[in-house]
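This report concerns the nonpolar packing and the metal site of one protein model. Please view the sequence and structure before reading on.

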Amino acid sequence: MVNAGARQVLELFVADEHNNSACDFYEIAVDGVYLDNPTRPRFGKSFVVPASRIDWLIVCNKPGTYYLKSYAPDFEMISTAKISRYNGTLLTIVATGPETKTTIPSELPKRPEYVSDFRNLTQDQVHGRFVLEAGGGITLNREYFKNEEFWRYNVEVDTVQEWYLTNTGTVESHPIHIHVNSFQVISYNAYTGPFDSNSMKYWNQKMEPCFYQFGGYNESADVQIPKDPLRYLGHEKRWKDGNGGPETIGLSQPGVFRDVILVPPLSNITIRFMTNKFIGDVVIHCHILIHEDFGMMTTVRILPKGSDLNANVSVRSGDAYPGTCDECDPFPFNNRSQCVQSGSASHLILDRWLIVLLTLSTYWLQWILNN
Ligand SMILES: [Cu+2]
């Protein structure tokens, strides 16, 4: 089954005419990649974001009429946040013939090596790291997509990448789709990064304006902090290795391979994948159609073995640093050379004051000498 909708999530299950769960349905693949074993959907439903696919094995042993339905209640919003949902019947299933006792097989075909388990790699087995930041209104990495000659990161083919998917928004989720290679969900991490407003101003979690702002942000605009901006913090606690309650249905289970994942507000999700075989540009975008069309898209480039990964690429987004608020924040690609070992922002402020003092005393000395 494919969710070919432009913006709505589906939460799929099979019911009889009394709306009770019916038949036996097991997930066997997500986004075209087999799971380890056939798995009953958590909380009795398969959560499918736009562009995502789910493969089921389903047995209806008793003849009868059944319905494929989607039901996405509001109490799940702590994990799904704001995103359109579809509630209703999608398909009628008519099972005929004698009653059977068919069961679902317990084993699935083995996955190929490029989608093997990457969860227990050592840090030096990871070849490249990259941050994808959704937010800033509806941008990826604080900028709108411009054209096909626009890529923000180079990676080498046949290597393992570790990426961090974040969302600085305070309200809305984005189903982020990465083309070419399926990625494995590794972990949901505590979110320590900035949050934004729709007017694209960024603050840290102490409600102080960030040093790194959206490229097009107008400093003189009087932008207010959004209401209750940190209410979605804590996905890592709710996620609890995938065993949280039904309200956590929007969070993916660790270890699963996918190519589109819901990135809720104030989340930080680690994924890993192998850049298997294919070289060329990789398109990354939000799969809410209107967001994508507005420019919520970026590209990275997969290069042949031995290429210079630093050539012809701007990993910065204008003057912004994805996932980052201040110079010493711990994400890759920020300007850490300016940070002292302790990583304290107060050192930077002190440094700047020293420069101001030195400049003033130079002027003062000149004034004395001239008079
Ligand atoms: Cu979006």
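The sections below treat the basis of the model, its nonpolar cores and its copper site.

## Basis of the model

This is a predicted model, in which local features need pLDDT of at least 70 and side-chain atom pairs count only at pLDDT 80 or more, whereas totals for chains, interfaces and linings use all residues. Residues are numbered from 1 along each chain as its sequence is written, and side-chain values use heavy atoms, without hydrogens or water.

## Nonpolar cores

The largest nonpolar core has 36 residues; such a core is a set of buried Ala, Val, Leu, Ile, Met, Phe, Trp, Tyr and Cys residues joined through side-chain atoms within 4.5 Å. Buried denotes under 20% relative accessible area (1.4 Å probe, protein chains only). Among the members that touch the most others are Leu-132, Trp-163, Ile-261 and Ile-269. Strands supplying at least two residues each include β9 (128-135), β12 (160-167) and β19 (268-274), where strands are DSSP runs (E, at least two residues) numbered from the N terminus. The most, four residues, come from β18. Domain 1 (8-95) and domain 2 (114-339) both contribute, so this core lies between them; the domain bounds come from an automatic or database assignment.

A second, separate core of 19 residues includes Leu-12, Trp-56, Tyr-66 and Val-256.

## Copper site

His-174 (ND1), Cys-286 (SG) and His-291 (ND1) coordinate the copper ion at 2.0 to 2.1 Å. Donors here are N, O and S atoms within 2.8 Å of the metal (3.2 Å for Na, K and Ca); water is not among the atoms, so sites may look incomplete. The donor spacing along the chain is H-x111-C-x4-H.

Cys-286 is buried at 0% relative accessible area, and His-291 is buried at 7%. His-174 is also among the residues that Ile-261 touches, contact being heavy atoms within 4.5 Å.

Note on methods:
Buried < 20%, exposed > 50% of the residue type's maximum accessible area, 1.4 Å probe, protein only. Lists of a residue's contacts leave out its neighbours within four places in sequence.
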